[in-house]
Amino acid sequence: VVGAYFLWAYKEVAPDSRLNRPWTDLLAAVLLGICTYSKPLPTALLVAPLVAAAWLRRRWLHGFVVGALAVAVAAAFFGLTAAVSGEFNYQ
């Protein structure tokens with residue numbers, strides 16, 4: 001989660017950095033999707049600021065893609081667990 005938030009928030013304090021690219025938001029969404037697999041409820045709520053920040057800048061599609069990517073990664077991990085173990089919950 002810390003790595004995801006670093007990728008997302010670093011561009012706010014260092015706009016001239018190499019990390020000031022759209023792919024950092026997408027990588028942050030992937031990392032948060034993986035974290036959501038291990039602890040669904042609190043981590044899933046951490047995706048909302050990424051989406052909200054994009055929408056506040058009127059980047060509607062980017063915000064939607066970030067949110068959808070996080071959901072897709074979490075769903076893929078749960079689906080893979082269901083395929084291997086027969087249950088969606090690994091515990």
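**Helix α2, its partner and its surface**

Helix α2 (residues 22-38) and helix α5 (residues 60-85) pack with their axes 8 Å apart and at an angle of about 35°, where axes are lines fitted to C-alpha atoms over the stretch in contact and angles run from 0 to 180 degrees between N-to-C directions. Helices here are DSSP runs of H or I with at least four residues, numbered from the N terminus. The crossing of α2 and α5 is right-handed, a term for a near helix turned clockwise from the far one by less than a right angle. The contact (heavy atoms within 4.5 Å) involves residues of α2 including L26, V30 and I34, and residues of α5 including V66, L69 and F77.

The model is predicted, with local features requiring pLDDT of at least 70 and side-chain atom pairs pLDDT 80 or more, whereas totals for chains, interfaces and linings use all residues. Residues are numbered from 1 along each chain as its sequence is written, and side-chain values use heavy atoms, without hydrogens and water.

On the surface, W23, L27, L31, I34 and F77 form a nonpolar patch with about 410 Å² of accessible area together, computed by the Shrake-Rupley method with a 1.4 Å probe, only the protein chains shown counting as cover for residues. Helix α2 gives the most to this patch, with four residues. W23, found in helix α2, counts as partly exposed because its relative accessibility is 45%, between the limits of under 20% for buried and over 50% for exposed.

L19 lies in the loop between α1 (2-13) and α2, and its C-alpha is 9.7 Å from that of F6, 13 residues apart in sequence.

Notes. Patch = residues over 30% accessible without salt bridge, like charges linked within 9 Å, V, L, I, M, F, W, Y side chains within 5 Å. Salt bridge = Lys/Arg side-chain N within 4 Å of Asp/Glu carboxyl O. Helix = DSSP H or I, 4+ residues; strand = E, 2+ residues; numbered from the N terminus. Buried < 20%, exposed > 50% of the residue type's maximum accessible area, 1.4 Å probe, protein only.
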